[in-house]
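Work through the exercises below with the sequence and the 3D view open. Try each task before reading its solution.

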Amino acid sequence: KCGAPMSHPFYGRIVNGKPILDDPDGFQRLKESLEGHAIMIRLEDRPMLDDITKCRRFFHGVVVPHVAKAVGFSPTPPDHARVKDGLKIKFLTIPTVPGEPIQVRSTESLTVKEYSDFIFHCCHYAADELHDPVPDPL
């Protein structure tokens, strides 16, 4: 096919010389969808968000505005709040008993690891479902 090449990042770690992917099922689905195609595989060091302030800054300054634009919202704080709430409901909902009100974790309660994981899920959502990948943090 002509046009821009499809690019989909997969994240993970190298352990004992082997890649351990965060989303092995998604990688398998992508491999199956590309059966017979010429491909390119590239490994890179992934930038990591190493403190909570960087996580919050990246989430509020990059991820939320990017997703807001991708879903057609205006670039205004009220719409950003709606997008943030939607992302929290999608990825930070605490399992409850059926029929009881849902509970959603506050981003303020997240550890650095939890916040990084939350951002990872939001970025995968943007790439997989909105077809508009969020740029990696620098």
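This is a predicted model: local features need pLDDT of at least 70, side-chain atom pairs count only at pLDDT 80 or more; totals for chains, interfaces and linings use all residues.

Residues are numbered from 1 along each chain as its sequence is written, and side-chain values use heavy atoms, with hydrogens and water left out.

**Exercise 1. List the elements of the protein chain in order.**

Solution. Count: 4 helices and 4 strands. Helices (H or I, at least four residues) and strands (E, at least two) are DSSP runs, numbered from the N terminus. Then read from the N terminus: β-β-α-α-α-β-β-α.

**Exercise 2. Describe the course of α2.**

Solution. Begin at its start: a side-chain oxygen of aspartate 51 lies within 3.0 Å of the backbone nitrogen of threonine 53. Next, take the span. The 19 residues of α2 reach 25 Å from first C-alpha to last, close to the 27 Å expected at 1.5 Å a residue (1.5 Å times one less than the number of residues). Finish at glycine 72, which follows α2 and has a positive phi, near 90°.

**Exercise 3. Find what the buried residues of α2 pack against.**

Solution. Pick out the buried residues (under 20% relative accessible area, 1.4 Å probe, protein chains only). In α2 they include Phe59, Val63 and Val67. The buried residues of α2 pack against α3 and α4. Check one partner: phenylalanine 118 is in contact (heavy atoms within 4.5 Å) with residues including Phe59 and Leu87, leaving aside neighbours within four places in sequence.

Key: Buried means under 20% relative accessible area, exposed over 50%, partly exposed in between (1.4 Å probe, protein chains only). A polar contact is a pair of N or O atoms within 3.5 Å; within protein, one must be able to donate a hydrogen and the other to accept it, and residues adjacent in sequence count only if both atoms are side-chain atoms.
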